[in-house]
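Subject: Structure for you to look at

Hello,

Here is the structure I said I would pass on. Please open it first, then read the notes under it.

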Amino acid sequence: MFYREVGQFKTNYTADSQVFPILQDKLGIIAMLVIAYLIIPLAGNDFFITTVMIPFLVFTLATIGLNILVGYTGQLSLGTGAFMGVGAYSCYKLTTIFPDVNIIIMVLLSGFFAAAIGILFGLPSLRIKGFYLAVTTLAAQFFLEWAFIRIPWLYNYNASGAIEVPQRDGFGGVVLAGAAAEPVTRYLVVLSIVLAMTWVASNIIRGRIGRSWMMIRDMDIAAELMGVRPLYAKLSAFAVSSFYCGVAGAMGVFFWLGAAEVESFDINHSFLFLFMAIIGGLGSLIGCYMGAAFIWILPIIIRALPGALGLDINAATVEHINFMMIGGMIIFFLIVEPHGLARLWQIAKEKLRTWPFPYS
Amino acid sequence: MNMAVKPADANDGRANAPEVMLDISNISLSFGGVHAIKDVSFNIHKGEIRAIIGPNGAGKTSMLNVINGFYHPQVGEITFKGNTRTQMRPYVAATQGIARTFQNVALFHGMSTLDNIMSGRTLKMHKNFFWQMLRYGPAMQEEVEHRERVEEIIDFLEIQHIRRTPVGRLPYGLQKRVELARALAMEPELLLLDEPMAGMNLEEKEDMSRFILDVNDQFGTTIALIEHDMGVVMDLSTRVVVLDHGEKIADGTPAEVSSDQNVIDAYLGVAH
């Protein structure tokens, strides 16, 4: 009833190819931005910002990275955790070697190291596909995990084997990273990076390069015939994907965890992001947000529910119920819509456009 | 067998001395012990509609695959626009101006009709990664330019109403048409159509025939066509080459081919 594009005419192709061509969508996005930039920093407490919002955003970025590879290019990868680790360790090395450079620049630069490693481990994709490729990315996961432990230079010969975030100041002496950094500052930095990189990802995907990825995904033989070189398409997807994962990893350590060792980048994390991408919707950017929210925020809400309702259930029981509910919901959603939450959202919007007269 | 050795341009009414666009000489292709193509030679003139026909398993699709570089023949040479080559990647074929459609529709199923046709413009788009990231300035300008071209093709093939539909949801006949649109978006000089009318009803076949003739006429695209519907082949094609068991058994105008005893034997069988 309210969600209509009636009367909103496009008179040129630029306007026709917008991400949010409908006015109502634009208003919705503006409302979300206001909530993200004003209401959450002002109203949210430190717990909410540190344990809910920052990890949610970091995971979203990693899921976008993985989705570029799996959802848009069709190359199955289980090395997300390791590529995040590459970003985190290279950011740590960069900022300890050049302590005066702004940490945000270092976080973004570390993405390039992850991209380089991603290209290296993406080379097998030129010969192998599907599950077999997943196994070779598993090799990346194990090799890099080994490197994070066995090459002490990476963590500056720290006795604990962990990387610890030193204090880093940014513009006008605001502490950006380290123990003294305000959660709100870190949140705003992470939010801005994630939104900017989502915007860039959507641009790439809608352009020539993104189309060539999807061509490879949908029909690689036809793609080659239309002038896509599989070498360039696949390796560029690996590079961009790993760049995103690397930045996510660096942000995870510098703006969220504060310290990390190899366990933060193990295979469980790789699976976690794959689940986020699948539940959110492969080949959808908004799905990455939904998937990360589903897997990260929903359990936190379920955990907080008994206390909020005044029920006296012990923590272990709540945790068991939590696992059961999340597991059940994953199965439910995947049966209802195998293409993920993003597709459900899309169907809901299509229905809404004709509601309440679906046949008119 | 006299058809095969007939001068190729003898019956071409379009030009006095037709320019040879593609020349295939003595191609042999085998997969292990299976000889898919045995010593086949023929040529395709610029601007003609050339049909390749033959019973099932005659090697027609293999022939198209050889032309656009999927298969590499063990023996023989292919000359396209004066460049001779024995082996070539499909990517190079695409850059030289060879486009094709597939026997089983090979559309990009996760993409909309519009994106599928836009994908045909890949080779013509050159703006670098940086501009692509911003989708602004030159990249956007390029995108709009190509969108205009794509919209012309959409109008030409009368598929405006399915512009935004994911191709997986389209009926088969329309999928075939979108595939033709995608090939046309490459603005090819040589268009290879592998059974463009397979599985269509009469009306759809007539539509498709009209489009093929229009493409040939308006864009001057040279077309090589594999088709099983003899009525269509006889009506559309300028010249026909007939393959059977990987060998060329006839080559000439539709009228010549349809009265050739070898062709009749191949299609109807011979009494033993």
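The domain bounds used here come from an automatic or database domain assignment. On that basis, chain B is divided into domain 1 (1-97 + 188-272) and domain 2 (111-187). Please keep in mind that this is a predicted model.

Domains of chain B

The centres of domain 1 and domain 2 of chain B, taken over C-alpha atoms, are separated by 28 Å. Where they meet, eleven residues of domain 1 of chain B are in contact with ten residues of domain 2 of chain B. On the domain 1 side, the elements giving two or more residues are α2 (90-96) and α7 (202-219) of chain B. The largest share of that side, four residues, comes from α7(B). By class, the domain 1 side has eight nonpolar, two polar and one charged residues.

Helix pairs in chain A

How do helix α7 (residues 183-206) and helix α10 (residues 230-257) of chain A cross? Their axes come within 11 Å and cross at roughly 175°. Angles over 145 degrees count as roughly antiparallel, so α7(A) is roughly antiparallel to α10(A). From α7(A), the contact is made by Arg186(A), Val189(A), Val190(A), Ile193(A), Met197(A) and Ile204(A). From α10(A), the residues are Val240(A), Tyr244(A), Val247(A), Met251(A) and Phe255(A). By class, this contact has ten nonpolar, no polar and one charged residues.

Helix α3 (residues 46-72) and helix α11 (residues 267-280) of chain A pack at an angle of about 75°, with their axes 9 Å apart. Angles from 65 to 115 degrees count as roughly perpendicular, and α3(A) and α11(A) are therefore roughly perpendicular to each other. The α3(A) residues in the contact include Phe59(A), Ala62(A) and Leu66(A), and among those of α11(A) are Phe273(A) and Met276(A). The contact of α3(A) with α11(A) divides into eight nonpolar, four polar and no charged residues.

The nonpolar core

The largest nonpolar core has 170 residues. Inside this core, the residues with the most contacts are Leu61(A), Val247(A) and Met251(A). Helix α10(A) gives the most to the core, with 16 residues. Domain 1 and domain 2 of chain B both give residues to this core, so the core lies between them. As general background, nonpolar side chains tend to be buried together in soluble globular proteins.

What does Met251(A) touch, not counting residues up to four places away in sequence? Met251(A) touches Val58(A), Leu61(A), Val107(A), Val190(A), Ile193(A) and Trp256(A).

Between the chains

In total, 26 residues of chain A are in contact with 31 residues of chain B. On the chain A side, α1 (13-16), α7, α8 (208-218) and α9 (220-225) each supply at least two residues. The largest share of that side, eight residues, comes from α8(A). By class, the side of chain A that touches chain B has twelve nonpolar, seven polar and seven charged residues.

One residue to look up is Met140(B), in helix α5 (residues 138-156) of chain B. Leaving aside neighbours within four places in sequence, Met140(B) is in contact with Thr14(A) and Arg135(B). Met140(B) is partly exposed, with 19 other C-beta atoms within 10 Å; a residue counts as buried at 20 or more. Met140(B) and Lys127(B) are 13 residues apart in sequence and 9.4 Å apart in space, C-alpha to C-alpha.

Regards

Definitions and conventions: Residues numbered from 1 in each chain as written. Chains lettered and ligands numbered in written order. Predicted model: local features only at pLDDT ≥ 70, side-chain atom pairs only at ≥ 80, totals over all residues. Axes fitted to C-alpha atoms, helices over the stretch in contact; angles between N-to-C directions. Parallel < 35°, antiparallel > 145°, perpendicular 65-115°, else oblique. Contact = placed C-beta atoms within 7 Å. Nonpolar A, V, L, I, M, F, W, Y, C, P; charged D, E, K, R; others polar. Core = buried A, V, L, I, M, F, W, Y, C linked by C-beta atoms within 7 Å. Buried ≥ 20, exposed ≤ 12 C-beta atoms within 10 Å, placed from the backbone.
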